[in-house]
Amino acid sequence: LRLAAFLLTAGDVRLASAFPGYLHKCRSWKAGDSGYMMAAKLLDGAKGECRLDIAAAPADYLPGRTYTVVVRSLTPSYFKLHSSDGHCLGDAYSDDAASLFQSFEWNATGSSATLYALCGTGYTTIYAATPVDVGSSQSAQVTTKSSTSLSQAQRIEETPINIPITPSVRITNGSPIPSVGLREVDLGTQKDPKLAFKLDRHELTVSVRLKAQAWLGVGISTGNELSMSGSSQGSDMVVCSDGEVRRYWVTSHVIPPKGSLVPGAECTQANGNTLMTFRRYLEAESPSQRAITPGVAQRVIFAYGGDGETRLQNHHSRRGGLDIDFGTAAGSVKHPGLPAALILHMMLMTTAWGACLPLGAIVARMRNTMAEAPEGSWFHLHYRFQSVGWSLQILGFAAALWYTCRLQFDSLHTGVGLSVVILGTLQPLNAALRPHVSEPKSHGRMVFESLHRGSGWIAVVLGAVNVVLGILLIHERRFGAGAVGFAVALASCCMVPVVAFAVLGVLVPDNKVARFLLGTRTKAPTLPPPPHCSE
(Lines give C-alpha, C1' and ligand atoms only; values in the text may rest on other atoms or scores of the structure.)
Protein backbone atom coordinates (compact mmCIF):
# COMPACT_ATOMS: atom_id res chain seq x y z
CA LEU A 1 0.00 0.00 0.00
CA ARG A 2 2.86 2.39 0.83
CA LEU A 3 4.49 1.62 -2.51
CA ALA A 4 1.19 2.23 -4.31
CA ALA A 5 0.79 5.53 -2.51
CA PHE A 6 4.28 6.52 -3.52
CA LEU A 7 3.62 5.66 -7.19
CA LEU A 8 0.36 7.63 -7.13
CA THR A 9 2.24 10.72 -6.00
CA ALA A 10 4.95 10.29 -8.60
CA GLY A 11 3.51 13.23 -10.49
CA ASP A 12 4.41 15.45 -7.55
CA VAL A 13 7.91 14.04 -6.97
CA ARG A 14 10.60 13.96 -9.62
CA LEU A 15 13.03 11.72 -7.72
CA ALA A 16 12.82 9.77 -4.48
CA SER A 17 16.29 10.79 -3.32
CA ALA A 18 15.22 13.72 -1.15
CA PHE A 19 12.29 15.67 0.22
CA PRO A 20 10.99 18.31 -0.33
CA GLY A 21 13.47 19.61 -2.88
CA TYR A 22 11.94 17.55 -5.68
CA LEU A 23 8.34 18.28 -4.74
CA HIS A 24 7.40 20.66 -7.55
CA LYS A 25 3.65 20.93 -6.95
CA CYS A 26 2.26 22.61 -3.85
CA ARG A 27 -1.18 22.52 -2.30
CA SER A 28 -2.97 23.70 0.83
CA TRP A 29 -1.34 21.28 3.28
CA LYS A 30 -3.05 20.46 6.55
CA ALA A 31 -2.40 17.89 9.24
CA GLY A 32 -4.15 14.62 8.45
CA ASP A 33 -3.98 15.04 4.66
CA SER A 34 -2.44 12.28 2.58
CA GLY A 35 1.32 12.46 2.60
CA TYR A 36 4.16 11.91 0.18
CA MET A 37 6.67 9.15 -0.38
CA MET A 38 6.54 6.75 2.59
CA ALA A 39 4.52 9.10 4.81
CA ALA A 40 0.88 7.95 4.73
CA LYS A 41 -0.38 11.16 6.35
CA LEU A 42 0.91 14.60 7.14
CA LEU A 43 1.57 14.90 10.87
CA ASP A 44 0.52 17.87 13.00
CA GLY A 45 3.43 20.28 13.57
CA ALA A 46 1.55 22.52 16.01
CA LYS A 47 3.82 21.57 18.95
CA GLY A 48 6.84 23.04 17.23
CA GLU A 49 7.76 20.29 14.77
CA CYS A 50 6.71 22.64 11.94
CA ARG A 51 5.87 26.30 12.39
CA LEU A 52 5.42 29.45 10.32
CA ASP A 53 6.69 32.92 11.22
CA ILE A 54 6.32 36.03 9.10
CA ALA A 55 7.80 39.50 9.54
CA ALA A 56 4.77 41.48 8.37
CA ALA A 57 2.01 43.66 9.79
CA PRO A 58 -1.32 44.49 8.10
CA ALA A 59 -0.59 48.20 8.48
CA ASP A 60 2.23 47.90 5.93
CA TYR A 61 0.97 44.86 4.02
CA LEU A 62 0.93 45.75 0.32
CA PRO A 63 0.68 43.65 -2.84
CA GLY A 64 3.99 43.52 -4.64
CA ARG A 65 6.03 43.87 -1.50
CA THR A 66 8.55 41.18 -0.47
CA TYR A 67 8.31 39.70 3.03
CA THR A 68 10.51 37.23 4.86
CA VAL A 69 8.73 34.06 5.94
CA VAL A 70 10.52 31.62 8.22
CA VAL A 71 9.57 27.95 8.59
CA ARG A 72 10.95 26.40 11.79
CA SER A 73 11.30 22.89 13.18
CA LEU A 74 12.62 21.33 16.39
CA THR A 75 14.86 18.93 14.46
CA PRO A 76 16.96 19.37 11.28
CA SER A 77 14.48 19.24 8.38
CA TYR A 78 13.82 20.12 4.75
CA PHE A 79 11.17 22.81 4.18
CA LYS A 80 8.54 23.77 1.64
CA LEU A 81 6.42 26.95 1.60
CA HIS A 82 3.18 27.49 -0.31
CA SER A 83 0.96 30.57 -0.47
CA SER A 84 -2.63 30.72 -1.65
CA ASP A 85 -1.63 33.39 -4.19
CA GLY A 86 0.31 30.81 -6.16
CA HIS A 87 3.87 30.63 -4.79
CA CYS A 88 5.59 27.25 -4.29
CA LEU A 89 8.98 27.79 -2.67
CA GLY A 90 11.76 25.54 -1.37
CA ASP A 91 14.12 23.40 -3.40
CA ALA A 92 16.71 22.28 -0.85
CA TYR A 93 17.66 18.62 -1.20
CA SER A 94 21.40 18.20 -0.49
CA ASP A 95 22.56 16.44 2.69
CA ASP A 96 23.87 19.63 4.29
CA ALA A 97 20.69 21.60 3.56
CA ALA A 98 18.79 20.17 6.52
CA SER A 99 18.47 22.81 9.24
CA LEU A 100 16.29 23.96 12.11
CA PHE A 101 14.67 26.66 9.96
CA GLN A 102 14.68 28.17 6.51
CA SER A 103 13.91 31.72 5.40
CA PHE A 104 11.87 32.35 2.26
CA GLU A 105 11.42 35.62 0.38
CA TRP A 106 7.71 35.79 -0.44
CA ASN A 107 6.35 38.40 -2.87
CA ALA A 108 2.73 39.20 -1.97
CA THR A 109 0.48 39.43 -5.03
CA GLY A 110 -2.93 39.97 -3.44
CA SER A 111 -4.62 41.88 -0.64
CA SER A 112 -4.51 38.77 1.58
CA ALA A 113 -3.12 35.25 1.50
CA THR A 114 -2.85 32.03 3.46
CA LEU A 115 0.57 30.46 4.00
CA TYR A 116 1.19 26.71 4.27
CA ALA A 117 4.41 24.83 5.04
CA LEU A 118 5.87 21.34 5.24
CA CYS A 119 8.79 20.13 7.35
CA GLY A 120 10.21 16.78 6.30
CA THR A 121 12.77 14.85 8.32
CA GLY A 122 12.71 11.81 6.02
CA TYR A 123 10.60 9.67 3.76
CA THR A 124 8.30 8.55 6.56
CA THR A 125 7.98 11.71 8.70
CA ILE A 126 6.48 14.87 7.28
CA TYR A 127 4.83 17.59 9.38
CA ALA A 128 2.35 20.24 8.24
CA ALA A 129 2.46 23.67 9.85
CA THR A 130 -0.67 25.39 11.10
CA PRO A 131 -1.72 27.71 8.22
CA VAL A 132 -1.20 31.43 8.78
CA ASP A 133 -3.50 34.06 7.28
CA VAL A 134 -1.99 37.44 6.43
CA GLY A 135 -3.70 40.53 5.15
CA SER A 136 -6.18 43.21 6.17
CA SER A 137 -8.28 40.91 8.34
CA GLN A 138 -5.47 40.05 10.72
CA SER A 139 -4.43 41.57 14.03
CA ALA A 140 -1.86 44.31 14.46
CA GLN A 141 1.08 41.96 14.08
CA VAL A 142 1.96 38.31 13.76
CA THR A 143 3.82 36.97 16.80
CA THR A 144 5.68 33.82 17.68
CA LYS A 145 3.25 31.52 19.47
CA SER A 146 3.65 28.14 21.07
CA SER A 147 0.97 25.46 21.06
CA THR A 148 -1.62 25.31 23.81
CA SER A 149 0.14 22.44 25.55
CA LEU A 150 3.41 24.32 25.63
CA SER A 151 1.73 27.45 26.97
CA GLN A 152 0.17 25.46 29.80
CA ALA A 153 3.50 23.88 30.66
CA GLN A 154 5.48 27.12 30.66
CA ARG A 155 4.63 30.77 30.08
CA ILE A 156 6.34 31.99 26.92
CA GLU A 157 6.17 35.71 26.24
CA GLU A 158 5.05 36.49 22.69
CA THR A 159 7.51 38.76 20.97
CA PRO A 160 7.21 40.26 17.47
CA ILE A 161 9.11 38.52 14.72
CA ASN A 162 11.30 41.00 12.85
CA ILE A 163 13.62 39.05 10.56
CA PRO A 164 15.30 41.43 8.12
CA ILE A 165 15.34 40.72 4.38
CA THR A 166 18.70 39.25 3.41
CA PRO A 167 21.09 42.03 2.37
CA SER A 168 23.85 41.73 -0.19
CA VAL A 169 26.79 39.45 0.54
CA ARG A 170 29.24 41.04 2.96
CA ILE A 171 33.01 40.84 2.64
CA THR A 172 35.31 40.38 5.65
CA ASN A 173 39.07 41.06 5.39
CA GLY A 174 38.68 41.46 1.64
CA SER A 175 37.68 37.83 1.01
CA PRO A 176 34.24 36.31 0.50
CA ILE A 177 33.06 34.09 3.36
CA PRO A 178 31.93 30.64 2.14
CA SER A 179 28.67 29.10 3.27
CA VAL A 180 28.84 26.25 5.79
CA GLY A 181 25.98 23.77 6.11
CA LEU A 182 24.38 22.68 9.36
CA ARG A 183 26.94 21.65 11.97
CA GLU A 184 26.32 20.29 15.46
CA VAL A 185 28.71 20.59 18.41
CA ASP A 186 28.44 19.05 21.88
CA LEU A 187 29.37 21.76 24.35
CA GLY A 188 30.44 19.39 27.12
CA THR A 189 28.92 16.46 28.96
CA GLN A 190 25.53 14.88 28.26
CA LYS A 191 23.92 17.33 30.70
CA ASP A 192 25.30 20.35 28.84
CA PRO A 193 23.61 22.05 25.87
CA LYS A 194 24.05 21.01 22.26
CA LEU A 195 24.78 23.73 19.74
CA ALA A 196 23.95 23.67 16.03
CA PHE A 197 24.89 26.43 13.61
CA LYS A 198 24.74 27.29 9.95
CA LEU A 199 26.98 29.84 8.25
CA ASP A 200 25.51 31.63 5.24
CA ARG A 201 28.37 33.86 4.06
CA HIS A 202 27.29 36.95 5.98
CA GLU A 203 25.08 35.54 8.75
CA LEU A 204 25.39 32.91 11.45
CA THR A 205 22.30 31.00 12.54
CA VAL A 206 22.60 29.39 15.97
CA SER A 207 20.31 26.94 17.71
CA VAL A 208 21.01 25.67 21.23
CA ARG A 209 19.06 22.85 22.87
CA LEU A 210 19.09 21.95 26.58
CA LYS A 211 17.45 18.91 28.18
CA ALA A 212 16.03 20.98 31.01
CA GLN A 213 13.41 23.70 31.33
CA ALA A 214 15.74 26.51 32.28
CA TRP A 215 17.36 29.75 31.20
CA LEU A 216 20.17 29.29 28.71
CA GLY A 217 22.97 31.51 27.44
CA VAL A 218 25.81 31.30 24.91
CA GLY A 219 28.35 33.90 23.90
CA ILE A 220 31.64 34.86 22.32
CA SER A 221 34.35 35.60 24.86
CA THR A 222 38.08 36.30 24.94
CA GLY A 223 41.03 36.38 27.32
CA ASN A 224 43.01 33.63 29.02
CA GLU A 225 40.27 32.53 31.41
CA LEU A 226 36.98 30.95 30.45
CA SER A 227 34.74 33.52 32.10
CA MET A 228 31.55 35.41 31.42
CA SER A 229 33.45 38.70 31.58
CA GLY A 230 36.02 37.76 28.95
CA SER A 231 38.80 38.51 31.43
CA SER A 232 37.14 41.92 31.94
CA GLN A 233 37.45 42.60 28.19
CA GLY A 234 33.79 41.83 27.58
CA SER A 235 31.71 38.90 26.34
CA ASP A 236 28.96 39.07 23.73
CA MET A 237 26.17 36.96 25.28
CA VAL A 238 22.77 35.85 23.96
CA VAL A 239 20.40 34.57 26.66
CA CYS A 240 17.06 32.76 26.55
CA SER A 241 15.21 33.74 29.73
CA ASP A 242 11.50 33.86 30.59
CA GLY A 243 10.45 33.18 27.00
CA GLU A 244 12.49 35.90 25.32
CA VAL A 245 15.96 36.23 23.84
CA ARG A 246 18.16 39.17 24.83
CA ARG A 247 21.71 40.15 23.93
CA TYR A 248 24.12 41.39 26.62
CA TRP A 249 27.60 42.89 26.76
CA VAL A 250 29.12 41.46 29.96
CA THR A 251 32.29 42.85 31.56
CA SER A 252 31.99 41.56 35.16
CA HIS A 253 30.80 38.55 37.15
CA VAL A 254 27.34 39.96 37.80
CA ILE A 255 24.06 39.65 35.95
CA PRO A 256 23.79 42.59 33.54
CA PRO A 257 20.84 44.87 34.38
CA LYS A 258 19.38 44.94 30.89
CA GLY A 259 19.89 43.71 27.37
CA SER A 260 18.48 44.28 23.91
CA LEU A 261 15.78 42.04 22.48
CA VAL A 262 17.04 39.92 19.56
CA PRO A 263 14.68 40.36 16.58
CA GLY A 264 13.30 37.14 15.13
CA ALA A 265 14.83 34.97 17.87
CA GLU A 266 13.01 32.15 19.62
CA CYS A 267 13.11 31.05 23.26
CA THR A 268 10.98 27.98 24.05
CA GLN A 269 11.02 26.64 27.63
CA ALA A 270 8.51 23.82 27.92
CA ASN A 271 7.99 20.13 28.65
CA GLY A 272 11.39 19.71 30.31
CA ASN A 273 13.34 21.18 27.36
CA THR A 274 14.70 24.53 26.25
CA LEU A 275 15.36 25.63 22.68
CA MET A 276 16.95 28.94 21.70
CA THR A 277 17.37 29.98 18.06
CA PHE A 278 18.74 33.28 16.78
CA ARG A 279 20.58 34.86 13.88
CA ARG A 280 23.35 37.42 13.86
CA TYR A 281 25.66 39.09 11.36
CA LEU A 282 29.26 37.95 11.32
CA GLU A 283 30.46 41.51 11.72
CA ALA A 284 30.22 43.35 15.03
CA GLU A 285 27.70 46.13 14.55
CA SER A 286 28.75 48.07 17.67
CA PRO A 287 31.65 48.21 20.15
CA SER A 288 29.60 46.05 22.54
CA GLN A 289 29.56 43.09 20.16
CA ARG A 290 32.17 40.57 19.05
CA ALA A 291 32.61 39.60 15.42
CA ILE A 292 32.51 36.03 14.13
CA THR A 293 35.65 35.15 12.19
CA PRO A 294 35.39 31.87 10.22
CA GLY A 295 38.75 30.17 9.90
CA VAL A 296 39.83 31.25 13.39
CA ALA A 297 39.07 29.32 16.60
CA GLN A 298 36.99 31.54 18.88
CA ARG A 299 36.08 31.21 22.53
CA VAL A 300 32.43 30.12 22.89
CA ILE A 301 31.09 30.07 26.45
CA PHE A 302 27.79 28.80 27.79
CA ALA A 303 25.82 28.69 31.02
CA TYR A 304 22.38 27.51 32.04
CA GLY A 305 20.09 27.20 35.04
CA GLY A 306 18.77 24.21 36.91
CA ASP A 307 15.56 22.54 35.81
CA GLY A 308 12.71 24.94 36.59
CA GLU A 309 14.95 28.05 36.77
CA THR A 310 13.59 29.82 33.70
CA ARG A 311 14.82 33.31 34.61
CA LEU A 312 18.48 34.35 34.32
CA GLN A 313 20.27 34.14 37.67
CA ASN A 314 23.67 33.50 39.23
CA HIS A 315 25.33 30.19 38.39
CA HIS A 316 28.58 28.35 39.06
CA SER A 317 28.52 24.67 38.23
CA ARG A 318 26.43 24.76 35.05
CA ARG A 319 28.86 26.44 32.68
CA GLY A 320 31.74 25.74 30.34
CA GLY A 321 33.06 26.51 26.90
CA LEU A 322 34.89 25.50 23.76
CA ASP A 323 37.17 27.01 21.18
CA ILE A 324 35.20 26.69 17.93
CA ASP A 325 36.10 27.53 14.34
CA PHE A 326 32.76 28.42 12.74
CA GLY A 327 34.31 27.87 9.33
CA THR A 328 34.87 24.17 9.96
CA ALA A 329 32.94 23.37 13.19
CA ALA A 330 36.20 22.11 14.67
CA GLY A 331 36.05 22.53 18.43
CA SER A 332 38.21 21.67 21.41
CA VAL A 333 37.17 21.69 25.04
CA LYS A 334 38.50 24.71 26.92
CA HIS A 335 38.44 24.34 30.69
CA PRO A 336 38.00 27.46 32.83
CA GLY A 337 41.03 28.62 34.78
CA LEU A 338 41.01 28.80 38.55
CA PRO A 339 40.20 32.35 39.70
CA ALA A 340 42.51 33.87 42.30
CA ALA A 341 39.72 33.94 44.90
CA LEU A 342 39.08 30.23 44.47
CA ILE A 343 42.78 29.36 44.71
CA LEU A 344 43.03 31.38 47.92
CA HIS A 345 39.93 29.66 49.33
CA MET A 346 41.38 26.22 48.54
CA MET A 347 44.73 26.96 50.15
CA LEU A 348 43.31 28.53 53.31
CA MET A 349 40.59 25.96 53.96
CA THR A 350 42.77 22.95 53.13
CA THR A 351 45.49 24.17 55.48
CA ALA A 352 42.95 24.93 58.22
CA TRP A 353 40.76 21.79 58.07
CA GLY A 354 43.32 19.45 56.59
CA ALA A 355 46.23 20.24 58.92
CA CYS A 356 46.02 22.82 61.73
CA LEU A 357 42.65 22.06 63.32
CA PRO A 358 42.97 18.24 63.15
CA LEU A 359 46.47 18.48 64.67
CA GLY A 360 45.14 20.61 67.52
CA ALA A 361 42.43 18.05 68.25
CA ILE A 362 44.94 15.16 68.19
CA VAL A 363 47.29 17.00 70.56
CA ALA A 364 44.43 17.56 73.03
CA ARG A 365 43.80 13.80 73.00
CA MET A 366 47.44 13.17 74.03
CA ARG A 367 47.01 14.69 77.47
CA ASN A 368 45.93 11.29 78.80
CA THR A 369 48.61 9.27 76.99
CA MET A 370 51.69 11.43 77.63
CA ALA A 371 51.85 11.47 81.41
CA GLU A 372 55.48 12.59 81.44
CA ALA A 373 54.85 15.69 79.34
CA PRO A 374 55.39 19.04 81.08
CA GLU A 375 52.33 20.39 82.85
CA GLY A 376 50.04 22.26 80.45
CA SER A 377 52.24 21.64 77.36
CA TRP A 378 49.41 19.92 75.48
CA PHE A 379 47.09 22.88 76.12
CA HIS A 380 49.56 25.49 74.85
CA LEU A 381 50.20 23.46 71.69
CA HIS A 382 46.47 22.82 71.21
CA TYR A 383 45.78 26.55 71.60
CA ARG A 384 48.41 27.49 68.99
CA PHE A 385 47.18 25.01 66.37
CA GLN A 386 43.53 25.93 66.89
CA SER A 387 44.21 29.68 66.84
CA VAL A 388 46.03 29.47 63.50
CA GLY A 389 43.41 27.10 62.04
CA TRP A 390 40.54 29.24 63.28
CA SER A 391 42.00 32.36 61.65
CA LEU A 392 42.67 30.55 58.36
CA GLN A 393 39.14 29.18 58.10
CA ILE A 394 37.67 32.65 58.67
CA LEU A 395 39.85 34.00 55.86
CA GLY A 396 38.93 31.01 53.70
CA PHE A 397 35.24 31.74 54.20
CA ALA A 398 35.83 35.36 53.19
CA ALA A 399 37.62 34.15 50.03
CA ALA A 400 34.58 31.97 49.22
CA LEU A 401 32.33 35.02 49.49
CA TRP A 402 34.73 36.93 47.25
CA TYR A 403 34.50 34.15 44.65
CA THR A 404 30.71 33.72 44.71
CA CYS A 405 29.89 37.41 45.33
CA ARG A 406 27.05 36.26 47.63
CA LEU A 407 25.94 33.51 49.99
CA GLN A 408 25.13 30.60 47.70
CA PHE A 409 24.65 27.00 48.79
CA ASP A 410 24.03 25.07 45.58
CA SER A 411 26.12 21.99 46.37
CA LEU A 412 26.88 19.55 49.16
CA HIS A 413 30.33 21.11 49.56
CA THR A 414 28.95 24.58 50.27
CA GLY A 415 26.31 23.26 52.68
CA VAL A 416 28.78 21.18 54.69
CA GLY A 417 31.28 24.02 54.54
CA LEU A 418 28.89 26.48 56.16
CA SER A 419 28.12 24.00 58.96
CA VAL A 420 31.81 23.41 59.57
CA VAL A 421 32.62 27.13 59.67
CA ILE A 422 29.83 27.76 62.17
CA LEU A 423 30.98 24.92 64.44
CA GLY A 424 34.62 25.94 64.16
CA THR A 425 33.89 29.61 64.81
CA LEU A 426 31.89 28.81 67.97
CA GLN A 427 34.63 26.64 69.53
CA PRO A 428 36.66 29.53 71.02
CA LEU A 429 33.45 31.04 72.37
CA ASN A 430 32.39 27.97 74.35
CA ALA A 431 36.02 27.50 75.45
CA ALA A 432 36.07 31.03 76.85
CA LEU A 433 32.93 30.28 78.87
CA ARG A 434 34.25 27.01 80.33
CA PRO A 435 33.85 26.47 84.11
CA HIS A 436 37.04 26.20 86.17
CA VAL A 437 38.54 22.82 86.94
CA SER A 438 37.58 21.51 90.36
CA GLU A 439 37.76 18.24 92.26
CA PRO A 440 35.44 16.60 91.84
CA LYS A 441 34.36 17.98 88.44
CA SER A 442 31.28 20.13 88.57
CA HIS A 443 28.24 19.31 86.47
CA GLY A 444 28.88 22.42 84.32
CA ARG A 445 32.47 21.34 83.69
CA MET A 446 31.38 17.91 82.51
CA VAL A 447 28.78 19.43 80.18
CA PHE A 448 31.38 21.82 78.75
CA GLU A 449 33.94 19.07 78.12
CA SER A 450 31.37 16.90 76.36
CA LEU A 451 30.10 19.79 74.24
CA HIS A 452 33.51 21.22 73.39
CA ARG A 453 35.10 17.86 72.63
CA GLY A 454 32.09 16.50 70.71
CA SER A 455 31.43 19.54 68.53
CA GLY A 456 35.17 19.93 67.92
CA TRP A 457 35.60 16.40 66.61
CA ILE A 458 32.45 16.66 64.50
CA ALA A 459 33.81 19.84 62.92
CA VAL A 460 37.24 18.27 62.33
CA VAL A 461 35.81 15.16 60.65
CA LEU A 462 33.34 17.13 58.52
CA GLY A 463 36.07 19.61 57.62
CA ALA A 464 38.33 16.84 56.33
CA VAL A 465 35.44 15.29 54.40
CA ASN A 466 34.61 18.68 52.91
CA VAL A 467 38.15 19.05 51.60
CA VAL A 468 37.52 15.90 49.55
CA LEU A 469 34.10 17.19 48.49
CA GLY A 470 35.78 20.38 47.31
CA ILE A 471 38.12 18.40 45.06
CA LEU A 472 35.16 16.53 43.58
CA LEU A 473 33.38 19.83 43.00
CA ILE A 474 36.38 21.21 41.09
CA HIS A 475 36.20 18.17 38.84
CA GLU A 476 32.42 18.48 38.46
CA ARG A 477 32.68 22.13 37.44
CA ARG A 478 35.21 21.24 34.75
CA PHE A 479 38.17 23.31 35.89
CA GLY A 480 40.43 20.78 34.20
CA ALA A 481 42.98 18.14 35.15
CA GLY A 482 45.55 20.74 36.22
CA ALA A 483 43.21 22.31 38.77
CA VAL A 484 42.17 18.92 40.14
CA GLY A 485 45.82 17.84 40.37
CA PHE A 486 46.71 20.99 42.28
CA ALA A 487 43.84 20.43 44.73
CA VAL A 488 44.80 16.78 45.26
CA ALA A 489 48.47 17.65 45.82
CA LEU A 490 47.57 20.40 48.31
CA ALA A 491 45.23 18.12 50.24
CA SER A 492 47.77 15.30 50.28
CA CYS A 493 50.53 17.52 51.64
CA CYS A 494 48.28 18.64 54.50
CA MET A 495 46.24 15.56 55.34
CA VAL A 496 48.59 12.61 54.81
CA PRO A 497 51.08 13.64 57.57
CA VAL A 498 48.17 14.36 59.96
CA VAL A 499 46.58 10.96 59.34
CA ALA A 500 49.96 9.26 59.76
CA PHE A 501 50.52 11.10 63.07
CA ALA A 502 47.06 10.12 64.31
CA VAL A 503 47.60 6.45 63.44
CA LEU A 504 51.03 6.51 65.08
CA GLY A 505 49.49 8.00 68.23
CA VAL A 506 47.03 5.12 68.45
CA LEU A 507 49.61 2.38 67.83
CA VAL A 508 52.49 3.93 69.80
CA PRO A 509 51.14 6.56 72.22
CA ASP A 510 54.55 7.40 73.65
CA ASN A 511 56.25 8.06 70.28
CA LYS A 512 59.13 10.37 69.40
CA VAL A 513 57.01 12.76 67.34
CA ALA A 514 54.60 13.34 70.23
CA ARG A 515 57.50 13.78 72.67
CA PHE A 516 59.09 16.33 70.36
CA LEU A 517 55.89 18.33 69.97
CA LEU A 518 55.10 18.33 73.70
CA GLY A 519 58.68 19.03 74.76
CA THR A 520 59.02 15.75 76.68
CA ARG A 521 62.58 14.68 77.42
CA THR A 522 63.68 11.32 76.16
CA LYS A 523 63.91 8.76 78.94
CA ALA A 524 67.45 7.97 79.98
CA PRO A 525 68.24 4.28 79.51
CA THR A 526 68.20 2.24 82.70
CA LEU A 527 71.68 0.74 83.35
CA PRO A 528 72.14 -2.48 85.28
CA PRO A 529 73.80 -2.14 88.68
CA PRO A 530 77.55 -2.73 88.75
CA PRO A 531 78.59 -6.22 89.85
CA HIS A 532 79.79 -6.68 93.43
CA CYS A 533 83.51 -7.21 93.70
CA SER A 534 84.60 -10.03 95.94
CA GLU A 535 87.45 -9.38 98.26
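In which strand is the place of Arg-247? Arg-247 lies in strand β16, residues 244–250. The model is predicted, so to speak of local features requires pLDDT of at least 70 and side-chain atom pairs count only at pLDDT 80 or more, while totals for chains, interfaces and linings use all residues. Residues are numbered from 1 along each chain as its sequence is written, and side-chain values use heavy atoms, leaving out hydrogens and water.

View 1. Strands are DSSP runs of E with at least two residues, and helices are runs of H or I with at least four, both numbered from the N terminus. Arg-247 is buried at a relative accessible area of 15% (buried: under 20%, with a 1.4 Å probe and protein chains only). Its side chain joins that of Asp-236 in a polar contact of 2.7 Å (a pair of N or O atoms within 3.5 Å, one able to donate a hydrogen and the other to accept it).

**View 2. Asp-242 in the loop between β15 (235–241) and β16.** Asp-242 is not a glycine, yet has a positive phi of about 55 degrees. Asp-242 is buried, with 10% relative accessibility.

**View 3. Contact of helices α4 (residues 377–404) and α5 (residues 412–432).** The two axes, lines fitted to C-alpha atoms over the stretch in contact, come within 10 Å and cross at roughly 140 degrees. Trp-390, Gln-393, Ile-394 and Phe-397 of α4 meet Leu-418, Val-421, Gly-424, Thr-425 and Pro-428 of α5 (contact: heavy atoms within 4.5 Å).

Notes:
Axes are lines fitted to C-alpha atoms, for helices over the stretch in contact, and angles run from 0 to 180 degrees between N-to-C directions. Buried means under 20% relative accessible area, exposed over 50%, partly exposed in between (1.4 Å probe, protein chains only).
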